[in-house]
Amino acid sequence: MAQAAQANAFDANNSQIQVEHDKKRRQFVIRLNSHDRAVLLYEYVGKKTVDLQHTEVPDAYRGRGIAKHLAKAAMDFVVEEDLKAHLTCWYIQKYVKENPQPQYFEHIYQ
């Protein structure tokens, strides 16, 4: 019950959300509490090409905009590092469609 209350208290619009980039594990992470986390996984498929493969948010936290923070961090990374990206993850595809930034489109394999 305490876990559910903690999940319900989480606010994805809170400016305190921090996305961590673990380059060694090739993932972006948001720590939701002491044991739950949301992740976006990617792989390098070439020297300057990444595949944004999968975004996962625990059930108790879905529908709160958490994945949006992961998607933005991943796409910003692609742009900043001047990479090309394959968007295997359906959520990243949706994010880019809903947030049509020219700099994103320049870095996506169509």
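Helices and strands are DSSP runs numbered from the N terminus, a helix having at least four residues and a strand at least two. With that numbering, His107 is found in the segment after α4 (102–105). The model is predicted.

**His107 and its contacts**
- His107 counts as buried, because its relative accessibility is 8% and buried means under 20%.
- Leaving aside residues up to four places away in sequence, His107 touches Val78, Val79, Asp82, Leu83, Lys84 and Ala85.

**Positive phi angles**
- Most residues other than glycine have a negative phi.
- Asp82, one of the residues that His107 touches, has a positive phi near 55°; Asp82 is found in the loop between α2 (66–80) and β5 (84–87) and counts as exposed at 51% relative accessibility.
- Arg26, which is not a glycine, also has a positive phi, of about 55°; Arg26 lies in the loop between β1 (20–22) and β2 (27–31) and is partly exposed, with a relative accessible area of 28%.

**Aromatic rings**
- The structure holds 6 aromatic pairs, among them the tilted pair of Phe28 and Tyr42, with 5.6 Å centre to centre and 40° between the planes.
- This pair links Phe28 in strand β2 with Tyr42 in strand β3 (residues 37–46), 14 residues apart; Phe28 is buried at a relative accessible area of 3%, and Tyr42 is buried at 2%.
- Tyr42 and Phe77 have ring centres 5.6 Å apart and planes at 45°, so this pair is tilted; the pair links strand β3 with helix α2, across 35 residues, and both residues are buried.
- Phe28, Tyr42 and Phe77 belong, together with Tyr44, to one aromatic cluster.

Key:
Residues are numbered from 1 along each chain as its sequence is written. This is a predicted model: local features need pLDDT of at least 70, side-chain atom pairs count only at pLDDT 80 or more; totals for chains, interfaces and linings use all residues. Side-chain values use heavy atoms; hydrogens and water are left out. Buried means under 20% relative accessible area, exposed over 50%, partly exposed in between (1.4 Å probe, protein chains only). Contact means heavy atoms within 4.5 Å. Rings of Phe, Tyr and Trp (its six-membered ring) pair if their centres lie within 6.5 Å; planes under 30 degrees apart count as stacked, over 60 as edge-to-face and the rest as tilted.
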